[in-house]
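Please work through the questions below with the sequence and the model open.

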Amino acid sequence: MKKMRVCRVSRRSVMNRRASSPVIAVAAAIGLAFGTACTADGGADGNAEPSQESSGSPKDTPKATPSEKGEREDLVSFRLDDRSQAGISDVWVVWTIKNNSSKKSTYTWDWEAVDSAGTRVANSTEFVTDVQPGQTSKGEMVTVIKDADGLKLNVTSFNRMAAP
C-alpha cells in the first residue's frame, strides 16, 4: 500500500496571501491614479502637436517661437496611439521627452482631450523623473478614451524641475 503525503498549509501563510491582495490592489490603484491618461487626438494619423489650451480662435492666440518655448521644447512629441482592435478600445498616450538642460530633470505636464464642440472629455497628468542632460526618455500610458476620432489633445501646463 502506497503512503499518501499530506501537505499542511499553516494559517499564517493563508493570512499572508489574503493580506497581500488588498496591498497589491491599493498599489495598482495608486499607480493608475498618478499615471492613467484619458486622452485624445485631433489628427487622423494619431499625431497631435503639443499645444497650450486656447480660449479663442487661432488668430487671437499668438504662437510661441522656439526661443519663447524654453523648457516646453523638451516635450518632443505627445500624441495618441489607438491600438483598438476587434471592437475593444485600447487608446494610449505616447510621449518623448529630451532634456535640453545641463541638469538632471523631472517633468510634469497636465493635458486634456476636447471634442469638436470644445467639451473636455478627459484629462490627466504625466510625470517623468530623473532625465539626464541630453537624454531622451519615451513613455506611454493607457487611457480610458473609447474613441479618439475628432478629439484634440491640449497640454495645459508643463514644468521642468531640477532633479535631486
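Q: How many salt bridges does the count come to?
A: This is a predicted model, in which local features need pLDDT of at least 70, side-chain atom pairs count only at pLDDT 80 or more, and totals for chains, interfaces and linings use all residues. Residues are numbered from 1 along each chain as its sequence is written, and side-chain values use heavy atoms, with hydrogens and water left out. A salt bridge is taken as a side-chain nitrogen of Lys or Arg within 4 Å of a carboxyl oxygen of Asp or Glu. By this rule the count is 4.

Q: Which residue forms a salt bridge with Arg 160, and is that partner buried or exposed?
A: The side chains of Arg 160 and Asp 74 meet at 2.7 Å, N to O. The pair links distant parts of the chain, with Arg 160 in strand β6 and Asp 74 in the loop between α2 (66–69) and β1, 86 residues apart; helices (H or I, at least four residues) and strands (E, at least two) are DSSP runs numbered from the N terminus. Buried means under 20% relative accessible area, exposed over 50% and partly exposed in between, with a 1.4 Å probe and protein chains only.

Q: Which residues are linked with Arg 83 in a network of salt bridges?
A: Arg 83 forms a salt bridge with Asp 81 at 2.9 Å between the closest N and O atoms, and another with Glu 140 at 2.5 Å. The second pair links distant parts of the chain, Arg 83 in the loop between β1 and β2 and Glu 140 in strand β5 (residues 136–142), 57 residues apart. Arg 83 is partly exposed at 27%, as are Asp 81 at 22% and Glu 140 at 38%. The residues linked with Arg 83 in the network are Asp 81 and Glu 140.

Q: Which strands stand at the edges of the open sheet of 3 strands?
A: Strands of a sheet pair through backbone hydrogen bonds, either parallel or antiparallel. Here the order is β4-β3-β6 with antiparallel pairing, two strands counting as paired if DSSP finds at least two bridges between them. One side of each edge strand is left without a neighbour in the sheet because each has a single partner strand; these strands are β4 (120–131) and β6 (152–162).

Q: What is the bridge partner of Trp 109 in β4?
A: β3 and β4 pair in the antiparallel sense over 9 bridges. In β4, the partner of Trp 109 is Glu 126.

Q: Where does Thr 106 lie, and which backbone nitrogen lies 3.5 Å from a polar atom of its side chain?
A: Thr 106 lies in strand β3 (residues 105–114). Thr 106 is buried, at 10% relative accessible area. Its contacts (heavy atoms within 4.5 Å) include Phe 127, Arg 160 and Ala 163. The backbone nitrogen 3.5 Å from a polar atom of the Thr 106 side chain belongs to Asp 130.

Q: How many residues are in the largest nonpolar core?
A: A nonpolar core is a set of buried Ala, Val, Leu, Ile, Met, Phe, Trp, Tyr and Cys residues joined through side-chain atoms within 4.5 Å. Among those with the most contacts inside the largest one are Leu 75, Trp 95 and Phe 158. The size of this core is 20 residues.

Conventions:
Polar contact = N/O pair within 3.5 Å; in protein donor to acceptor, adjacent residues only side chain to side chain. Lists of a residue's contacts leave out its neighbours within four places in sequence.
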